[in-house]
Amino acid sequence: MIMRGAAAMQHFDLTPPETVAKAAAKGLRLRQKFNRGGTQIGVARARDLSHRRPLSEETVRRMVSYFARHAVDCQAKGFGDKDNPSAGWIAWLLWGGDEGRVWCERKQAELDRAEGHGQKPA
């Protein structure tokens, strides 16, 4: 039997790692300091990530989608500039930054493998 959704997820640890939490917290600090970057959804995501709250499978998949749509933001002026950060970089950090992208893509791959083969994740 293939387990899907919540049944499959109970075997997964979808708690963001410390590196992702730190990137999200940095995004929140920069957003407050510069008054730009991200949406209310991004701010909510950053709060969850920075507090290392376990995420749902759906949220992990939304993170993957966010990073795919916003990869182009990495080319903008001010991306990575701590003195004058672009709104795109701040938003990127709110979603966990580069560390968040790597983590959520890895977790999505684990979820996909488990759902596709009925296996428990590693």
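Q: Which residues of α2 are buried?
A: In this predicted model, the buried residues of α2 are Val20, Ala21, Ala23, Ala24, Gly27, Leu30 and Phe34.

Q: How many residues does α2 have, and what does it span?
A: Helix α2 covers residues 18-34, which is 17 residues. From its first C-alpha to its last it reaches 24 Å, close to the 24 Å expected at 1.5 Å a residue.

Q: And what follows α2?
A: Asn35 follows α2, and the phi of Asn35 is positive, near 55°.

Q: Changing topic: how many salt bridges are there in the whole structure?
A: A search of the whole structure gives nine salt bridges.

Q: Take Asp48. How far apart are the closest N and O atoms in its salt bridge with Arg45?
A: In the salt bridge between Asp48 and Arg45, the closest N and O atoms are 3.7 Å apart.

Q: Where do Asp48 and Arg45 sit relative to each other in the helix?
A: Both belong to helix α3, residues 40-50. Asp48 and Arg45 are three residues apart there, so about one helical turn separates them.

Q: Why does a spacing of three or four places matter in an α-helix?
A: An α-helix has 3.6 residues a turn, so residues three or four places apart point the same way.

Q: Is Arg45 buried or exposed?
A: Arg45 is buried, with a relative accessible area of 8%. Asp48, by contrast, is partly exposed, at 23%.

Q: What about Asp48 and Arg53?
A: Asp48 also forms a salt bridge with Arg53, in which the closest N and O atoms are 3.0 Å apart. Arg53 counts as partly exposed, at 39% relative accessibility.

Q: On to α4. Which residue does Arg61 pair with there?
A: Arg61 forms a salt bridge with Glu57, and their closest N and O atoms lie 3.2 Å apart. The two residues are four apart in helix α4, residues 57-70, which is about one turn of the helix.

Q: Is Glu57 buried or exposed?
A: Glu57 has a relative accessible area of 10% and is therefore buried, since buried means under 20%.

Notes
Residues are numbered from 1 along each chain as its sequence is written. This is a predicted model: local features need pLDDT of at least 70, side-chain atom pairs count only at pLDDT 80 or more; totals for chains, interfaces and linings use all residues. Side-chain values use heavy atoms; hydrogens and water are left out. The expected span of a helix is 1.5 Å times one less than its number of residues. Buried means under 20% relative accessible area, exposed over 50%, partly exposed in between (1.4 Å probe, protein chains only). A salt bridge is a side-chain nitrogen of Lys or Arg within 4 Å of a carboxyl oxygen of Asp or Glu.
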